[in-house]
Amino acid sequence: MLKYSKIAGLVVFVFLFAMCNQKSKNDKETILKGAIDITVDETIKPIVDDQVAVFEGTYYDAKITVKPKSEAELINDLLNQKASVVVTTRDLTKEELAKFEKSKIKPRVTPFATDAIAFISNKGNNDTLIALETVIDFMQGKPDARIKGLVFDNPNSSSVRYMKELAKVKDVPAKGVFSFKTNDEVIKFVSENDGMIGVVGVNWLSQPSPNMVDVVKKINVLSVKGLNSNQYYSPTQNDLAEVKYPLARDLFIINCQGYSGLGMGFASFIAGDIGQRIVLKSGLLPVRTPGRKLKIRNQIVKDKE
C-alpha cells in the first residue's frame, strides 16, 4: 500500500512540475509581450514587415521575427507543427483543417487585406495591356508571339499555385517559364529583358525596398482583361475595392498557438484600426476601411497674429 502511495505521489509531483513549467513558459508570453517567429508567404513580406515594425514600436516588450518562405514550405511547416503562426494568401482547405482536427488543434484564421498578383513588363514594351486569356494559353503550353517568357519568383510560390489553378494545369511548361528565388529578382530580370512578363505580388511594387526603387521605375505594371470582361483593370485599391481586377486574392493570418499568446495579439492588431490603416497606406485593400473622425466647429477661431 505504501508502495502505491509513493508511486501516486510521484505521479502527482511530476504532473504539477510539468504544469508549473508550462505556466512559466506561457507567463513569459502574452498577447502583448514575449518573442515569436511568424512564417510569412514571401510574396507579401513587405506589408507584414510594416505591421511588425509598428507593432514592436507600440509594444516594446514584443519581439516578432519574420521568416519568409514559399507557400508550399509555409503550409508544410504549419501542418507539421514547425510553425504556429503564419501569414498566407489563402485560407486553409478542408483537407488541411481535417488534419488539424485530428491533432485537436483549432486554427484561428483572421482575414486582414486583399492583395493582387500583378503582371509586369519592361519599359521598352509600349503595350501596357494584357488579356488574362493570353497568359493562361501560355501556361497551357500554347506559344504566343506577344510573350517571350513568363517569370515567377519560386516554383513553390503562391503566385505559381494561383496561376496553375487558373490555367487548370498540374505543371508549368518546361519551355518559356523562368523562376528565381524572390520577387525582387523577378522585377530586376524583367526590367533588363524585353518581352518577358513577370508575375509578382503587387505589394513589392507599391512598397519597394530602397535598393529597388530605381529598378521598379524601369517596369510597367500591366492592366489586365479578365476572362469574362471587355475592360482592362489595374491592381489598384479602387479596382480591388470594386472587385474589377481579375487577379485579386485575400490575405490571412493563421494562428495555431492554442493559447492567448503573441500570435493572437498580432492578429488582433492587424485586423484592428491601426493595422488596417497600415494596409490602406501600403496600397493594398483593408478588410475594413478605417473610420475618419471629423470635428465640426460652430465658428471659425482666427489664430492670433
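Strand 1, helix 2 and strand 2 make up a β-α-β unit that is right-handed, meaning that, with the strands pointing away from the viewer, the path from the first strand over the helix to the second runs clockwise. Helices (H or I, at least four residues) and strands (E, at least two) are DSSP runs, numbered from the N terminus. This is a predicted model, in which local features need pLDDT of at least 70 and side-chain atom pairs count only at pLDDT 80 or more, while totals for chains, interfaces and linings use all residues. Residues are numbered from 1 along each chain as its sequence is written, and side-chain values use heavy atoms, with hydrogens and water left out.

**The strand pair**

- Strand 1 (residues 34-41) and strand 2 (residues 62-69) run parallel and are joined by 8 bridges, where pairing requires that DSSP finds at least two bridges between two strands.
- Within this pairing, Ala-35 stands opposite Lys-63 of strand 2.

**Aromatic pairs**

- The structure holds 5 aromatic pairs, a term for rings of Phe, Tyr and Trp (its six-membered ring) whose centres lie within 6.5 Å, with planes under 30 degrees apart counted as stacked, over 60 as edge-to-face and the rest as tilted.
- One of them is the edge-to-face pair of Phe-55 and Phe-269, at 5.2 Å centre to centre and with 70 degrees between the planes.
- This pair links distant parts of the chain, since Phe-55 lies in helix 2 (residues 45-58) and Phe-269 in helix 11 (residues 262-271), 214 residues apart.
- Both Phe-55 and Phe-269 are buried, that is, under 20% relative accessible area, whereas exposed means over 50% and partly exposed in between (1.4 Å probe, protein chains only).
- Ring pairs also link Phe-55, Tyr-59, Phe-266 and Phe-269 into a cluster.

**Helix 12 and Gln-276**

- In helix 12 (residues 273-282), the buried residues include Gly-275, Gln-276, Ile-278, Val-279 and Ser-282.
- They lie on the same side of helix 12 because they cover an arc of only 155 degrees around the axis, the arc being that of the directions from the helix axis to the C-beta atoms.
- The buried residues of helix 12 pack against elements including helix 2, helix 11 and strand 4 (108-122), with contact meaning heavy atoms within 4.5 Å.
- Gln-276 has a relative accessible area of 2% and therefore counts as buried.
- A polar atom of the Gln-276 side chain lies 2.9 Å from the backbone oxygen of Ile-270.
- Gln-276 and Arg-288 are 12 residues apart in sequence, and their C-alpha atoms are 6.8 Å apart in space.
- Just after helix 12, Gly-283 takes a positive phi of about 100 degrees.

Key:
Polar contact = N/O pair within 3.5 Å; in protein donor to acceptor, adjacent residues only side chain to side chain.
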